[in-house]
Amino acid sequence: MVDKKRLAARSALSASEGDHENETTSIDRLLVSVDPSICIGARNCVRVASGAFGFDDYQQIAKVTNPSSVAEERLRLAERSCPTGAIFVENA
Ligand code: SF4
């Protein structure tokens, strides 16, 4: 079943591409991204996958830093832990 919230977030991501440096990073077979338009700065991603995600203190949003520094399971956990669904971990 298609999650309408996710589709809306993807649309927002496409519309905002280029708004934030490092919002999307591909690693091997995965594409990891943060939608800055719906990130509320809860920092769950930074807590569960430190290294893969960083936090921009000025803009108060997360950004993808080095996803290959953590296991895929950590990336998936970060995706599930985001309260707004701002993180996308997809097969490339
Ligand atoms: S967990 Fe989600 S809302 Fe919180 S900082 Fe990370 S991307 Fe933003």
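Let me begin with a term: a residue counts as near a molecule or strand if its C-beta atom, placed from the backbone, lies within 6 Å of it. By that rule, 15 residues surround the ligand, and the closest are Cys 39, Ala 42, Cys 45, Ala 62 and Cys 82. Sorted by class, the shell has 11 nonpolar, 3 polar and 1 charged residues. Here Ala, Val, Leu, Ile, Met, Phe, Trp, Tyr, Cys and Pro are nonpolar, Asp, Glu, Lys and Arg are charged, and the others, Gly among them, are polar.

Some background. This is a predicted model, in which local features need pLDDT of at least 70 and side-chain atom pairs count only at pLDDT 80 or more, while totals for chains, interfaces and linings use all residues. Numbering starts from 1 along each chain as its sequence is written.

Now the chain. The protein chain has 3 helices and 5 strands, in the order α-β-β-α-β-β-α-β from the N terminus. These are DSSP runs numbered from the N terminus: helices are H or I, at least four residues, and strands are E, at least two. Of the 92 residues in the protein chain, 27% are buried, meaning that 20 or more other C-beta atoms, placed from the backbone, lie within 10 Å of a residue's own.

One last residue. Where is Pro 67 placed? Pro 67 sits in the loop between β4 and α3 (72-81). Pro 67 counts as buried because 23 other C-beta atoms lie within 10 Å. Its C-alpha atom is separated by 10.0 Å from that of Asp 28, 39 residues apart along the chain.

Key
Buried ≥ 20, exposed ≤ 12 C-beta atoms within 10 Å, placed from the backbone.
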